[in-house]
Amino acid sequence: MEYDSVEKINSCRICKSSALIDFLSFGNLPIPNSFIKKDELDKKENLYPLTVCFCNSCKLVQLRYIVNPQIMFDNYLYIPSSSQTRLRHFKDLAIKTKQLINLTKPALIVDIGSNDGSLLNCFKNLGFDVVGVDPAENLVRIAELNGIETFLGYFNTTIARKIVKKNKKASVITSTNVVAHVANLHEFLSGIELLLDDNGIFICQFPYLLDLLEKRQFDTIYHEHLSYFSIKPLQFLAEQSKLQIFNIERNDLDGGSIRVYWKKKSNKTLEIKSKKIALFLEKEKKAGIYDLQRYRQFSQSVKKLRDSIRNILRDIKKAKKKIAGYGAAAKGNILLNYCKIGRETISYVVDSTSYKQGLFLPGLHIPIFEEARLYEDKPDYVIILAWNFAEEILEKNKKFKKIGGKFILPIPDVVII
Ligand code: JHZ
């Protein structure tokens with residue numbers, strides 16, 4: 001086993017307490033976006049430990065082992081523009097942000113973890129100056145081809161200074177599905193403080209811990225996601241910085257996410273939605289997510305779900321039916337690897353992302369094809385691995401159901417549609 005590139009943490013990423021308690025371990029799994037080329041199928045794959053723990057002090061849920069980010073992000077195959085739902089969400093976010101702080105052109109918008117520039121493109125279409133930051137070379141090239149100026153690297157105080165020097169301070173900084181990937185949150189926030197205009201706002205969004213627990217979304221837990229946020233530890237983090245959370249919103253993206261709005265403490269022009277924030281904290285407390293016991297229960301119910309996914313698929317195979325997968329999502333790779341469901345059960349996976357087609361899923365070596373394959377091959381069942389986009393996938397594949405195909409949703413309970 002190669003563990004050279006893994007660091008075990010012994011203190012909490014936010015509060016530095018050593019009161020970290022492991023509650024769920026997936027064993028050693030491949031990193032979920034490490035898709036494999038055909039000529040690499042015989043090579044030994046590296047596996048990395050995946051264990052989640054709970055900080056009994058500030059209540060942050062986090063990974064016990066951290067994989068070197070370069071292994072995970074230098075060449076990254078996930079792109080947000082592969083889903084219409086996500087693109088619509090980005091467009092909404094840009095329009096709403098413009099209204100929220102009465103943004104006037106040519107304010108600068110910076111997106112951290114800007115990927116192929118999909119979100120910045122929405123701001124650009126509204127007439128704003130935009131700059132991205134992303135560590136994946138392949139994605140920075142795509143973004144630049146799309147006309148989005150992008151800094152290559154992991155956002156920190158050095159990059160923040162570079163942007164201010166070359167461009168200007170940002171009126172808005174956005175970061176969707178990125179903060180959970182950040183190891184040094186204090187350094188990250190210091191970078192935001194440097195880059196943000198005094199009246200500017202920082203908006204970040206990520207899957208919400210409460211949804212993860214309540215909907216048994218165990219496959220959102222993977223090596224890339226170092227933190228699983230609730231509001232309480234975020235508030236603690238904010239207290240230690242020059243920034244302040246002034247609003248929080250819940251939305252349905254990725255199975256349930258929270259959008260957190262930050263401003264400088266010195267900026268008194270924006271109202272702090274204190275009552276709303278207090279309600280979030282109350283709800284979290286009621287749901288028991290500040291208690292270790294809730295995580296022990298979660299761990300048990302994940303094992304039950306794993307068994308029921310395995311059993312249902314095994315019964316379908318026993319009946320000599322063919323099963324394919326929909327969406328070569330990172331989460332799907334965790335689900336299949338953790339449940340040990342391989343090519344003997346899932347013949348192939350279809351995915352709309354051209355970069356993923358022709359490759360194979362990490363660990364299991366299931367091949368990835370175009371979506372059209374479903375209509376040529378007509379499998380009996382299709383398990384929706386990208387369950388966060390189930391609605392979009394079902395809508396665009398009504399024809400598949402008409403020709404007798406059935407869909408399987410694995411989460412929160414296995415359901416056949
Ligand atoms: P999708 C991402 O995880 C990435 P992943 C990231 N790690 C993160 O934080 C989480 O989200 C929250 C395909 N698809 O977006 C495209 C179709 O084929 O859920 C994608 O490969 N046809 C930053 O990787 C996959 O499904 C379709 O019609 O789990 C969805 O992956 C649609 C809608 C999607 O990301």
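**How the descriptions of this predicted model are reached**

Author: In this predicted model, the secondary structure of the protein comes to 14 helices and 19 strands.

Reader: What share of the residues is called buried, and by which cut-off?

Author: A residue is buried when its relative accessible area is under 20%, and 57% of the 417 residues in the protein are buried. The protein exposes about 18,100 Å², of which carbon and sulfur atoms supply 49%.

Reader: How do you know that β4 and β11 pair?

Author: Pairing calls for at least two bridges between the strands, and two bridges join β4, residues 61–63, to β11, so these strands meet the definition, and they run antiparallel. Val61, for its part, has Tyr228 in β11 as its bridge partner.

Reader: Why are β2 and β11 said to stand at the edges?

Author: The open sheet has four strands in the order β2-β3-β4-β11, with antiparallel pairing. Both β2 (20–29) and β11 (227–228) have a single partner strand, so one side of each is left without a neighbour in the sheet.

Reader: How many side chains are positive and how many negative?

Author: The protein has 63 positive and 46 negative side chains, and the centres of these two sets lie 4 Å apart.

Methods. Residues numbered from 1 in each chain as written. Predicted model: local features only at pLDDT ≥ 70, side-chain atom pairs only at ≥ 80, totals over all residues. Heavy atoms only, no water. Buried < 20%, exposed > 50% of the residue type's maximum accessible area, 1.4 Å probe, protein only. Areas by Shrake-Rupley, 256 points an atom, 1.4 Å probe, with all protein chains shown as cover. Lys, Arg positive; Asp, Glu negative; His and termini not counted. Charge placed at Lys NZ, Arg CZ, Asp CG, Glu CD.
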